[in-house]
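Here are my notes on the model you sent over.

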Amino acid sequence: MAKRTTPPKSDPFSAEFLAWLKEKNVSRRRLQKNSALYDQYYQEWSKEKKKNRPRRRSLFKLPNINIDFGAILNGMQIASEVMRTFQGSLLNHSSKNDD
């Protein structure tokens with residue numbers, strides 16, 4: 001059996017639903033008299049509402065990015081070698097000044 005979509009009990013006629021009914025030329029009084037008809041229109045409205053809402057982008061769907069990780073690692077190795085050389089020259093320079 002299909003799951004029925006029922007409107008909230010506190011406000012059976014929301015502003016959106018009333019505007020949609022007005023587009024369809026359905027009177028509110030007619031729906032209040034016939035609850036089966038009300039359920040039918042409400043289900044139709046909720047299906048259209050779900051269809052027309054904007055979609056959220058999935059967090060798991062990332063854009064395709066072509067990254068050359070080998071080039072990145074190579075650049076990191078070069079940078080670390082330069083830093084070691086620079087730090088070594090600073091240590092050698094400071095030890096010569098201490099003498």
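1. Start with Asn25, in the loop between helix 1 and helix 2 (28-33). Helices here are DSSP runs of H or I with at least four residues, strands are E runs of at least two, and both are numbered from the N terminus. Asn25 isn't a glycine, yet has a positive phi of about 60°. Asn25 is also exposed, at a relative accessible area of 70%; exposed means over 50%, buried under 20%, and partly exposed in between, using a 1.4 Å probe and protein chains only.

2. A word on provenance: this is a predicted model, where local features need pLDDT of at least 70, side-chain atom pairs count only at pLDDT 80 or more, and totals for chains, interfaces and linings use all residues. Residues are numbered from 1 along each chain as its sequence is written, and side-chain values use heavy atoms, with hydrogens and water left out.

3. The overall layout is quick to describe: four helices and zero strands, running α-α-α-α from the N terminus. Buried residues are 14% of the 99 in the chain.

4. Now the helix packing. The axes of helix 1 (residues 15-23) and helix 3 come within 11 Å and cross at roughly 105°, the axes being lines fitted to C-alpha atoms over the stretch in contact, with angles from 0 to 180 degrees between N-to-C directions. That makes helix 1 roughly perpendicular to helix 3, a label covering 65 to 115 degrees.

5. Which residues of helix 1 meet helix 3? They are Glu16, Phe17, Trp20 and Leu21, and they meet Tyr38, Tyr41, Tyr42, Glu44, Trp45, Glu48 and Lys49 in helix 3; contact means heavy atoms within 4.5 Å. By class, this contact has seven nonpolar, no polar and four charged residues, with Phe, Trp, Tyr and Leu among those counted as nonpolar and Glu and Lys among the charged.

6. Is Ser46 buried or exposed? Ser46, in helix 3 (residues 35-52), is buried, with a relative accessible area of 9%. A polar atom of the Ser46 side chain lies 2.9 Å from the backbone oxygen of Gln43.

Note on methods. A polar contact is a pair of N or O atoms within 3.5 Å; within protein, one must be able to donate a hydrogen and the other to accept it, and residues adjacent in sequence count only if both atoms are side-chain atoms. Angles under 35 degrees count as roughly parallel, over 145 as roughly antiparallel, 65 to 115 as roughly perpendicular and the rest as oblique.
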